[in-house]
Amino acid sequence: MAPRGRTLLLPLAAATVLVASTIFLFAAAGARWRPADTGLPVPPRAVSAVTASASSNTTGARKELSFLDENGGPDDPGSGSGAGAARCDPRAAAVRVFMYDLPPEFHFGLLGWSPPSPGSVWPDLTNGAAAPPPRYPGGLNQQHSVAYWLTLDLLSSSSAPCGAAVRVADSRDADFVFVPFFASLSYNRHSRPVPPEKVSRDKALQEKLVRYLAARPERKRYGGADHVIVAHHPNSLLHARAALSPAVFVLSDFGRYQPRVASLEKDVIAPYKHMAKTFVNDSAGFEHRPTLLYFRGAIYRKEGGSIRQELYYMLKDEKDVYFSFGSVQDHGASKASQGMHSSKFCLNIAGDTPSSNRLFDAIVSHCVPVIISDDIELPYEDVLDYSKFSIFVRSSDAVKKGYLMRLISGVSKQQWTRMWDSLKEVDKHFEYQYPSQKDDAVQMIWQALARRVPAIQLKVHRSSRFSRSDRGK
């Protein structure tokens, strides 16, 4: 070949090698990269099928995953619930969950549901709208209905499109063991003894649950450290919480828990189910919300809620401030919804406990929350920056004369609008739905639990250090 020809081919060959190398690098990175629609961290279990398959083959400890159908029976992972039905690959879920088949008295039986046959435990959810699940009672009961929504999500997970959690039939395949006890409803409805009984039904159920779990091999294996129990009402599971404390609790706050029983390191905070109506297609911006600061609720509270009284007397006569007593008995939810929809800022003040449903009412009303609760813990705060759509005020500052009004009045229209826009982006994370939807409250709770998996595994592995040598004694 002529020297000039060789000279032209050398740059062309180098360019070809460079392009091929670039394609290879992007292909390799593509196996690990995955877009996140919400900007939230990708859950530990949400990895590519290739990566998950490779890791499962190296462990050798897990057998082929087995599923349950909606009624708790074994299900064939290869078959759909209908023609062409999509199946959820467990490797695409954030967390794999084994759920106890507790008797109905612990869950849907508390809603008045009776099993259609002696051997059945769960409602049949296969008929969709033709056979909807038992309804949860209304009013204030709904605030703490978290266990109900998580249970429904697990019952439908094997046939529904992939959500954040999938139910498996063998606890050895699971990241968590879920205990389907509607503890909050049990407390709300049955915490007082009915004569001639000396022990309330709620306490009796708790004692029965402790005995049931103590006899289960799943709990004996790790002492219950991989169990998940929902006790969202601050007074629920009062008699059994200490005995079951190795478990991961799903709570509203830690106000009535001792640190040795519950903590942020071990447990998960879940939002209340909001009572106010979600502001859909909200175009009511700064100029269309005439009330500057809004609060409607109980004013005279015990324990940590005395600050409400101080703020009431300090703010009740301020211009453009609505601060009034309200309760659910006088159509409080409807009135609060209307008031929040027409207000720029909504007060969330500590009551008997650090948390309150009022915060979540404000979020779905797109009324910028003003949080005055020094000990509050917030749902999914490891992935959500609440300061982008809320204002936090120390209690000691809030009671200083004029401090709160100067702070709120000093927020510009542009600053408020940025927080208002953020509220419209995050409100979906606080919606409880069945079936669950991408990144709604149900799936966000499962994702929060998935982020607990490494800590649980560390605890389990450390507890197993001397298991082999102990057997030789």
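Predicted model: local features only at pLDDT ≥ 70, side-chain atom pairs only at ≥ 80, totals over all residues.

Visitor: Okay, so is R451 buried, exposed or partly exposed?
Guide: R451 has 24% relative accessibility, so it counts as partly exposed.

Visitor: And which residue does R451 form a salt bridge with?
Guide: That's D382, with the closest N and O atoms 2.7 Å apart. The pair links distant parts of the chain, 69 residues apart. D382 is in the loop between β12 and β13, while R451 is in the loop between α13 and α14. D382 counts as exposed because its relative accessibility is 52%.

Visitor: How many salt bridges are there in the structure?
Guide: There are 12. One of them joins R289 and D282, with 3.0 Å between the closest N and O atoms, and both of those residues are buried.

Visitor: What about K438 and D439, how far is it from N to O there?
Guide: It's 3.9 Å, and their side chains meet in a salt bridge. K438 is exposed at 51%, but D439 is buried at 4%.

Visitor: Switching topic: what's the nearest side chain of opposite charge to R241?
Guide: That's D253, 8.6 Å away. R241 is buried but has no salt bridge, because a salt bridge needs the nitrogen and the carboxyl oxygen within 4 Å.

Visitor: So what's around R241?
Guide: Its contacts include F249, R256 and Y257. A polar atom of the R241 side chain also lies 3.0 Å from the backbone oxygen of P234.

Conventions. Residues numbered from 1 in each chain as written. Heavy atoms only, no water. Buried < 20%, exposed > 50% of the residue type's maximum accessible area, 1.4 Å probe, protein only. Lys, Arg positive; Asp, Glu negative; His and termini not counted. Polar contact = N/O pair within 3.5 Å; in protein donor to acceptor, adjacent residues only side chain to side chain. Contact = heavy atoms within 4.5 Å. Helix = DSSP H or I, 4+ residues; strand = E, 2+ residues; numbered from the N terminus. Lists of a residue's contacts leave out its neighbours within four places in sequence.
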